[in-house]
Amino acid sequence: MNIKERFLSAIDSFVEERMRRAEPEKAALLQFILERTRRHIENILAQHIDDDFSINKMDELCQALDAAPATFDIAVLENIGVPELHHEIIAYRNKVKWDIFVSELQTVLPDDASPFSPSRIQMLNRPLFNAIRDALRREAQTNDFDWELLCEKLPEDLASRFEAKKLPPETKRAAAEEETKTVIETMDLTSAVASLRGDPKKLAYFLRLSGLGLSDQQIDRIVYVSFVGLREAMTETKLERLLKEYVEELGETEIANKIPQKTGADRITLTVKIPEGATRLLVRGPWKRDIKVNGKREITFDVVLNPGELNRISLLAYNDDAKTRSAPNEIEVSQTGDPVDIDTLIQFLSELKDETLDAISKDSARRMLFHKCLEESALRHFAGDFKQGLAYLKSLKEKQRHPFVQRVIREIDARFRKIHDMKFPFLREDEDLMFFQKYCVALIDEKRKAGDKSVILANEPGLGKTVTAQVATVDDEVLAVTPNSAASIWIEQQAMFFKRPFLTNLAGYSYADRMRILEDCKSRGVLTNIEFVRYDAEQSGPGHTRKFELLNRRRDRKKKRVTVVDEAHFLKNDSQQTEGISQLEDDFMLLLTASPYRNPASLCRVMAKLMPRDKRFKSVKAFKRAFPDNDPAALKALHLLVQPHVVRFLKSEVMPTYDRTRPVAHQPLSLPAKDHISPSEIGLFTLTEAQSQAIFEMFQDWDAWTRKYEHYMPRGDLAIEDGIRNPENQLTKQHAFRQIVNNPAYIGSADESPKHKAVMDIVDKELDGGSKVLIFCRYHEQVKAYARFLEERGIEYCMYTGEITKQGYKKDEAGRDMIFAVDEFGNYQLSNGCPVPIQSRKNRAQQGKRMLAIDYERLMFQNNAGKKVMLATYSAGSQSVTFTAATAMIFDDLPKDYTEQYQAEDRNHRIDEKRRKPEVRYYSLISKYPSSFLAGMAKHMTQKRRPNGAEAKVSAFEQWFEQGTLDEVHFANLAAQRTSFELLNNGIAADPDLVEIERQFVM
């Protein structure tokens, strides 16, 4: 069939299909119009297609078709009631054109599924390449070969092979996002996305249960795009950049349809008139979009609204090539609904199609997933009064008419009653577990009975993993391995919850004392720190061997042997700690970590225990080959393997957040809301000219900079520990760079530190409001600097750093270990918020016990009203410790990665019935260069080596300062990491085409 025949056959198909949809009274007239349209197209084809017609003449034909009217005047079509026919014919004609291009492309490409690129098309068939290029240019109204648009035109099998090598990653990501949002709209998923996008796991559950035939990639993409659309940008947004950098030369974007000020709907539809010259429309608000308009003068799309909020939406048309834009058009829509609950989720499923719930009930995998989804979603209703939770389940069942749903709810009701009735006679009469903690204990027990040799308890920080683990292993012989900072927490939790202590604590003692305690130990539990279980094969001797003999010794043959590893994300396949853990003999291992996929390689040892015959876990090399760190698909596969052995809940899943409309006192088991204060509001500070100049000098010549400034920089053991200097006492470049930003004194300047001033402004603001403040620093010198400022202001503070940890036990003025009073359960007694020292030397050991200096600082901050500020380093204070006395947290130095930020943020974001508060606030310190300095750098020319080795003259601004400060770059990277972290830990693979590329800071 030649091209002319293809066109006419396709038009015949269109006419036939359109007539099937015609209303009877309009059929005759519509038949007449369509026949005239077919003859019109046939005449154009006859004029341009002859015997020697080839693909390179397609451009002439396309131009003729595009130039000719599609059919009768639109007014005529409106008069007979078919105004849409004009657009339908144009769209269908365009589809036929691209079907021909695609079929021609398929004939020239090899059929071995190998990738191809535009250059490959050009090499195989230049006339076809030219024809496609010209069609794309005309359709996109641009002089460029629009790779993105071509990919949209290709069928799925060709699109998967298409390598748009000239397509920038950002453009690729925008295209993938738009494609996914189109899927959301065309499959009518906007309601579910609007309600569930704040909960990635539940949205993924819904999509997998829906029976819509979505692939894993489509599900992951929908969840990823929905979650990203919800996230607030923490740095300069694209809208802000366009407003600042593009010239306002385009006409206004006009909204052609009526928009309600208030609505209970989950979305609104916008029809927007696009100004002449615009190539894209940027939409910012609750549903972020960047739409390629492809020459259209009017486009229609949906905006998903955040439920129960005032939604602000900004529209901006722009042209990247011309660097022009329109003025922003802003609208506000108040959404009056409530966030989704389980019954709404069930409603989504039942509304898809009548048989959806029937299909779920008959499919074992989907049935189990549905049960899991409802069960986990119900947990938060049992956070307080158990009877209220049962009442909720009863009301939920009464609202459902489908017998399958009713049966599942009855099963959940029975299961929850059984878990609630679990007895823990070993707990103190005045203490009990929260319901979800009992639920986790039950899950761990079920997995053990099913034969699991290892389970990962991965609940978010603040959900009581320590006490949950202690109760889950109460009938076992336990070896608990914890970081130094967590050892005292384990002992405190034991004293707080249990009638009798069962853990013999080795942490804090010398090596010799630990060995002696182990020799004499008869208790069912031993607690030690990570360092003590290190194993070095090269240094193994009798003492080394004896240590593991004692750690592995069975003290009660009737009990199962369990190893509990706290903060298990420290495990690495090549570390001495990990090798030491592998030397431990046990029947079961319980790993505690809030971020199980922080270091995927740490799972190798665990999976080897779970799947001893799987060759992928036999060696580190085999594991890394099977699950490369940089392969999202491989990490997703690993997640699917691990997931059945993981117990993980987010705080938002099991606890409500404070309702600001109700008194805090009436909400005993509610979480404070997290409020991330934008640096543009407070926290953004401008470097001095001296700091900026020193950074410029560092970029130009590191060796010369070192000779000039090295003697101003911190030195000594702490500087080596902080990474400012290497073991040979030489400065490390990036950490030296950070010292310049921290304090002009490190370059010999007498200027006041803008960063120190900004931090103290926040401290003063928070203290004036009656709040306590936690400041996280990366460097000990920063901690000392803030200590001096606080002393000058007469503000009392505490310190939680590695330097304090090294002090060991709290000592008196004579250097002797102090003894502090304890109650009958071993808890330290307090007076006016201070631990009570025992003054008498007589029988001190029987009346109390020693206390680590680091624990003394923590207890003072938590309980003493006079201690207003806690100064902490990330290394000491970002995990395994509670600082709920702090309402505000300041990130003086940004965390090294999002996992560290995630851990740090949860030090004060947790339930504390003694210190209830509706919110906790987070501040980040971000540096920027002074505008006068940047203006000078734009004029200062320097040499830049290109990737091909050639040198060119560029401005210093272009070479080093256009990227922004290190803080600005890292701040944006943390936001990108957060998305990937949150989704990966909820089982959502990050598609490479969607992941925000982290920027490398050029030094």
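Colleague: Which residues form one aromatic cluster here?
Modeller: F696, F699, F737, Y929, F933, W960, F961 and F1001 do. Rings of Phe, Tyr and Trp (its six-membered ring) pair if their centres lie within 6.5 Å; planes under 30 degrees apart count as stacked, over 60 as edge-to-face, and the rest as tilted.

Colleague: What should I know about the model before we go on?
Modeller: This is a predicted model, where local features need pLDDT of at least 70 and side-chain atom pairs count only at pLDDT 80 or more, while totals for chains, interfaces and linings use all residues. Residues are numbered from 1 along each chain as its sequence is written, and side-chain values use heavy atoms, with hydrogens and water left out.

Colleague: How many aromatic pairs turn up in the whole structure?
Modeller: A search finds 41. One of them is F699 with F961, a tilted pair with 5.5 Å centre to centre and 55 degrees between the planes. This pair links distant parts of the chain, 262 residues apart: F699 is in helix α30 (residues 689–700) and F961 in helix α42 (residues 956–961). Helices (H or I, at least four residues) and strands (E, at least two) are DSSP runs, numbered from the N terminus.

Colleague: Are F699 and F961 buried or exposed?
Modeller: Both are buried. That means under 20% relative accessible area, with exposed being over 50% and partly exposed in between (1.4 Å probe, protein chains only).

Colleague: And why is the Y929 and F961 pair called edge-to-face?
Modeller: Their ring planes are at 85 degrees, with the centres 5.0 Å apart, so the pair is edge-to-face. Y929 sits in the loop between β29 (926–928) and α41 (931–939), 32 residues from F961. Y929 is buried as well.

Colleague: Which charged residues sit over rings?
Modeller: Among them, K849 lies over the face of Y828, 5.0 Å from the ring centre. The charged end of R850 is over the ring of Y809, at 3.9 Å from its centre. The test is NZ of Lys or CZ of Arg within 6 Å of the ring centre and within 35 degrees of the ring normal.

Colleague: Switching to sheets. What is the strand order in the six-stranded one?
Modeller: The order is β18-β28-β27-β20-β26-β21, in an open sheet with parallel pairing. β18 (673–676) and β21 (797–800) are at the edges with a single partner strand each, so one side of each has no neighbour in the sheet. Two strands pair if DSSP finds at least two bridges between them.

Colleague: How many bridges link β21 and β26?
Modeller: Four, in the parallel sense, with β26 covering residues 869–873. Y797 has V869 as its bridge partner in β26.

Colleague: Why is α20 described as largely enclosed?
Modeller: Eleven of its 15 residues are buried, so α20 is largely enclosed by the rest of the structure. The buried ones include F435, Y439 and K447. Just after α20, G451 takes a positive phi of about 105 degrees.

Colleague: Last one: where is D614?
Modeller: D614 is in the loop between α26 (603–610) and α27 (620–626). At 18% relative accessibility, D614 counts as buried.
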